[in-house]
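Q: Could we go through this structure together, one topic at a time?

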Amino acid sequence: MHTPSTAKPGTRTITMKIKRCDGPGKPERWESFSLSVTTGQGMNIIAALQVIAAKPVTVEGSRTTPVVWDSGCLEEVCGACTMVVNGKVRQTCSALLDQIAPNDGDVVTLEPMSKFPVVRDLSVNRQRVFHNLKRVSAWVPIDGTYALGPGPRETPAEQEVRYTLSTCMSCGCCLEACPQFNQEPDSKNWDTAFLGAHAISQARLFNSHATGKELAPQRLDALSGPGGVGDCGNAQNCVKVCPKKIPLTESIGAMGRAVTIHAVKKLFTMK
Amino acid sequence: MSNTPVSQSSVSFLDRHHLLLRRLHSLSGIVPIGVFLIAHLVTNSSIMWGKVGLRGDGADMSLAEGGAFYFHKEVVWINNSIPHLLLIELTLWAAIAFHSVLGFVYAFSGRSNTRNYGYGANWRYTLQRISGYIGILFIFYHVATLRWGWSFLVPGGTTWSHHYAASTLALSLRGGTEITLAGVLVSAFYFVGITLLVFHFANGLWTSAITWGLTVSQRAQQQWGYACAAIGTGLMLAAWASLLGFFLLDPVQATRVEQAYYQKYGQPIPKRHHLTDQNITPLKTEPSTLGKN
Amino acid sequence: MAATGNEKRVIVVGGGLAGLAASARLVEAGVGVDLFSVVPVKRSHSVCAQGGINACNEVARQQGYSEYEHFDETVYGGDFLADQHPVLEMANWAPRIIDVLDRMGVPFNRTSEGYRDLRLFGGSLFKRTHFSGATTGQQLIYALDEQVRRHESEGNVTKYEHWEFLWPVIESGRCVGIVARDIRTMQIRAFRADAVIMATGGCGLIFGKSTNSVMCNGAAAARCFRAGVHYANAEMIQVHPTAIPGADKLRLMSESARGEGGRVWVPALKRPDGTWGVHPRSGQDPKTIPENERYYFLEERYPAYGNIVPRDIATREIFDLCVNHGMGVGGGQQVYLDLTHKPKEYLQKKLEGILEIYEKFVGEDPYTTPMRIFPGVHYSMGGLWTSFTPGSYTPATPRTKHKSGTRAPINAEIGQGMALGEFNNAMTNVQGLYAFGEVSFAYHGANRLGANALLSCIFDGVFCGVSVANYVRSGPSSNKPTKDISQSLYDGAVAQESAKVKKLVDAVDTTGADDPATNPYIIGRELGVEMTEACTVVRTGPRLERCLSKLGELKARYSKLKLADAGGWTNQSMAYARSVGDMLILAEALALGAFRRQESRGAHYRPDFPDRNDQEFMKSTVARCSPSGEVSVEFVPIDATLIQPTARTYGKKDDKPANPAPTRPSDASGANVPTGSLAGAGV
């Protein structure tokens with residue numbers, strides 16, 4: 001769990017190498033910024049970007065525009081600040097420089113996620129992530145926000161499973177690392193392109209709720225169709241990069257089973 | 001917006017039967033292809049362990065002779081005793097064609113990323129696709145040269161015959177009576193091909209359990225992973241044993257064994273189309289202590 | 001646009017708990033919703049709430065708790081500054097709100113029998129806090145997000161995510177729409193609406209670093225303020241005692257760490273006279289500091305409570321030690337919160353979640369190294385001023401404070417606190433412009449009780465949402481529908497906002513001179529430092545005066561601002577630069593309110609006026625902004641007709657109820673305060 005920092009006390013200079021792009025269709029370029037970091041200050045990538053924004057001058061000494069990025073809670077619960085750091089996708093708020101760049105002269109490369117269209121610099125458009133939640137009807141179909149008594153009772157064990165699945169913050173890490181999930185700029189194809197681990201796992205979450213189950217056939221139809229759970233290639237990168245440690249591969253297995261049973265049932269009822 | 005139903009006609013055949021095709025692809029890899037692979041490798045590896053299989057019957061034979069004798073016996077049994085062999089064969093070819101064509105379609109939809117995410121399962125994902133590509137190439141060569149008689153692709157030009165299965169196979173792999181460079185290359189290709197195909201099968205066995213939902217928990221996936229690794233290791237040993245056995249087999253000696261087989265069971269010796277320039281006499285063997293075959 | 005073509009449309013600005021609850025309610029009432037948010041709504045700041053959500057429940061009820069008691073606690077906790085009728089209604093609705101959330105599928109923690117589990121929380125002797133792990137806020141907002149996504153897919157909600165609210169469109173005192181900007185394309189557009197709900201959350205960014213998310217800059221509220229909406233109790237800012245200092249923000253460390261035995265100390269040397277002085281090796285490895293050189297200041301100053309003194313006291317002590325005496329660890333603004341004397345298995349069982357956060361963000365192992373913490377700005381009790389229609393419960397004279405555990409004087413009945421569906425519930429002084437959730441000043445008075453924030457957000461949505469629906473259907477707007485209002489009004493509003501952008505673009509720094517005096521990031525940073533120093537835990541008249549003049553200086557510098565980016569596409573520096581101007585004006589209202597409120601009440605502590613002064617200041621501080629940007633403050637009487645104010649003396653011996661109920665989980669007095677009662681107070 002605990003990753004001890006190997007950074008020596010004192011101040012060191014590191015380089016932030018950032019892939020930049022002024023907007024959709026604009027050329028990509030790399031810019032490097034020099035940054036002074038003092039060990040033990042808890043400096044993370046977001047703080048580094050804030051420093052650069054205040055004085056956007058590259059290592060070559062030329063003035064540039066401040067880097068654009070997405071962030072939110074900075075506590076790893078909102079899912080906004082997903083980027084590719086040194087080649088791997090992760091939340092940047094929890095990327096501490098004392099850990100990822102402990103030595104003088106270390107270079108940290110920052111790239112936007114590659115599976116979503118770049119808006120500008122490190123900011124990408126992840127609308128498709130939320131669209132995929134609609135595809136699997138990721139909600140409990142309640143009658144409304146009126147007081148109609150308590151919800152269904154459930155055991156602590158059931159709650160624990162649902163809670164873990166419900167911590168998914170739609171950050172997109174599982175999609176970025178997935179070899180089967182690819183960029184799809186044309187939203188017309190979103191309904192047939194691979195859903196990805198997060199949506200499959202959300203389908204499992206709502207299928208395991210007493211009221212949410214009502215929509216299970218609809219969700220399983222979506223999971224059986226093009227872009228459904230069958231498109232998973234079992235590379236299992238999703239579960240490795242999930243910042244919330246959600247058992248995504250178990251969800252894929254569970255939904256694989258549900259889809260199998262659903263298909264057999266449909267075969268015999270000819271629906 | 002999102003819930004607009006997509007009209008049936010505008011959807012491709014692949015999309016309309018998405019799940020069915022996915023599942024048939026998965027199933028076809030196990031039955032019949034996987035089952036055949038097991039049978040095929042077990043039979044072929046008998047070139048190494050056949051003497052043991054002969055029990056007392058092969059007491060007067062060397063290890064290589066016993067292997068060749070047992071293997072030959074198996075081949076004859078397959079060709080003479082399995083009913084509807086051609087139908088089985090056609091089914092198998094159809095299954096391989098189906099599995100590989102869909103496999104290509106599916107594999108092309110992915111983008112390997114082991115460079116940044118070098119996890120074990122991700123490497124297996126990538127290798128599954130590579131092994132599919134090379135594997136189908138190998139199967140094509142294997143079937144074309146040994147089954148369809150495309151002898152122009154065989155070093156030394158040997159035409160494989162099930163009447164002389166061991167000797168003609170040894171000739172094909174060695175590139176002649178003696179081992180040639182071309183033979184080494186062909187055998188190396190066989191090594192790569194069979195290794196990848198065994199991996200492809202074992203890993204496919206592992207992923208199919210997740211696909212069908214047989215293994216759900218991380219622990220179940222891990223345990224079944226060990227089981228698949230064991231199955232894969234066993235088949236790998238069989239595959240390598242087969243290759244090594246035939247590569248080291250002396251074709252002349254093998255032919256003598258094959259002739260001895262016919263003699264021993266009182267069958268006419270089939271006409272030989274290989275090693276026609278040599279006068280090969282059947283190996284001397286003791287009368288069989290086993291039942292007549 | 002909406003597929004159902006709802007005739008009436010409401011704009012909801014902000015997609016946190018309040019905005020999403022309001023959206024769901026409005027759609028159910030047949031009103032179309034245009035939902036604006038600077039971030040995808042699922043990423044709103046509500047996700048950061050940890051501890052839970054309060055509501056009377058059957059277990060507590062059978063021990064003598066009631067909705068009335070919840071109401072009483074909230075008013076008392078807020079030091080009698082909140083308007084009381086709305087608080088009563090919120091408490092009455094709380095159990096129903098829990099039920100609705102439960103039905104939505106929120107994975108509330110369960111008892112072994114499968115009922116919703118409860119935990120103790122600050123300000124109550126009863127377990128009345130429902131929770132979902134240590135991320136209750138995240139779970140609640142996800143449930144509401146899912147419901148709104150469902151309405152979106154059915155065409156009744158149109159989301160404008162990555163759109164920034166710029167200005168309310170007001171016609172003769174009535175709000176008829178907004179001007180907003182797509183923060184990606186930079187397009188500025190006006191949107192018509194029959195009513196507008198502001199649900200834009202708090203303003204922690206004014207203080208630079210806080211426990212808030214990066215978008216909680218109060219800019220939307222400030223823009224309404226400038227447009228003529230009153231802003232109340234701006235000076236009431238909650239500072240949480242234990243936050244994890246970070247380079248970019250302060251992360252909350254739940255009070256349960258101290259509840260489970262955590263000790264707060266700094267390295268110090270004891271002088272011969274018994275006082276403590278600065279330690280020469282402070283800041284070096286804490287494990288090398290011998291026991292007799294560790295100053296357990298809370299335990300020493302408060303022998304009865306020790307480390308679990310109430311939140312405001314702990315905050316003041318830590319602040320005083322570090323800021324006034326320079327005795328923080330390494331001379332900086334941090335003290336140790338030490339759990340290393342506790343067995344690891346015990347800690348893992350009780351506190352693993354929060355200790356993991358510490359490990360992850362600080363990079364140190366809290367099981368073996370004392371945690372470094374410091375108070376952090378957490379929540380704004382103040383906000384846009386809103387009105388209400390009192391409900392049917394109106395006693396002749398206010399009652400005395402309710403004795404904990406005794407039967408409630410009145411039953412919980414909907415409509416007693418506020419009249420359901422009246423147009424003006426949660427409406428600001430501008431007709432048709434509503435304020436829901438943290439951006440509203442209602443419910444929490446001078447101090448918010450833990451786990452009441454989530455409740456107030458959702459209560460606003462589901463209760464006051466009905467008022468909005470009624471207003472757009474049959475209110476004054478039905479006489480002149482918004483669609484009949486001249487387009488020129490909207491075009492004018494767009495032109496006004498475009499001119500502001502042009503002014504900023506024209507001020508782009510092309511010289512590369514990089515003058516810190518006119519750099520928006522530097523101005524923002526200086527603002528944060530100044531506000532944290534002058535307007536958080538300890539506020540004095542002279543310091544506030546200096547603060548006001550510093551704000552004047554920053555405003556002057558801001559007027560000569562130089563931007564580093566003139567780009568016309570996703571220009572974040574421009575958005576930030578604009579928000580700095582908004583933060584400056586809100587900061588002024590805050591500092592002025594703090595200066596004018598010459599008393600100490602709740603979170604507002606003035607050493608120069610250490611006592612509460614009900615005579616003069618049991619009133620809301622209402623700030624107004626003139627069209628030219630002048631901020632003025634006046635004190636407006638509050639609705640204190642239900643409970644008489646009493647001294648707020650948590651835990652002191654004389655506060656002990658005369659007749660403690662035998663079923664009570666614990667005694668109210670001194671050191672016996674249950675450790676869990678302060679736990680997880682992160683909401």
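**Helix packing, strands and domains**

A: Helix 3 (residues 127-135) of chain A packs against helix 6 (residues 197-207) of chain A at an angle of about 30°, and their axes are 9 Å apart. Axes are lines fitted to C-alpha atoms, for helices over the stretch in contact, and angles run from 0 to 180 degrees between N-to-C directions. Helices (H or I, at least four residues) and strands (E, at least two) are DSSP runs, numbered from the N terminus.

Q: Which term describes the direction of helix 3 of chain A relative to helix 6 of chain A?
A: That angle makes helix 3 of chain A roughly parallel to helix 6 of chain A. Angles under 35 degrees count as roughly parallel, over 145 as roughly antiparallel, 65 to 115 as roughly perpendicular and the rest as oblique.

Q: Which residues make the contact?
A: Helix 3 of chain A contributes A:V129, A:N132 and A:L133, and helix 6 of chain A contributes A:H198, A:A199 and A:Q202. Contact means heavy atoms within 4.5 Å.

Q: Before we go on, what is the basis of the model?
A: The model is predicted: local features need pLDDT of at least 70, side-chain atom pairs count only at pLDDT 80 or more, and totals for chains, interfaces and linings use all residues. Residues are numbered from 1 along each chain as its sequence is written, chains are lettered from A and ligands numbered from 1 in the order in which they are written, and side-chain values use heavy atoms, with hydrogens and water left out.

Q: New topic: what is the strand order of the open sheet in chain C?
A: The order is 3-5-4, with three strands in antiparallel pairing. Two strands pair if DSSP finds at least two bridges between them.

Q: And which strands are at the edges?
A: Strand 3 (53-54) and strand 4 (118-119) of chain C are the edge strands, each pairing on one side only. Strand 4 of chain C is joined to strand 5 (residues 129-130) of chain C by two bridges in the antiparallel sense, and C:R119 stands opposite C:T129 in strand 5 of chain C.

Q: Is the peptide bond from B:V31 to B:P32 cis or trans?
A: That bond is cis, with omega near 5°. B:P32 is placed in helix 2 (residues 18-54) of chain B.

Q: Lastly, how is chain A divided into domains?
A: Chain A has domain 1 (11-123) and domain 2 (126-269), with bounds from an automatic or database domain assignment. Their C-alpha centres are separated by 31 Å.
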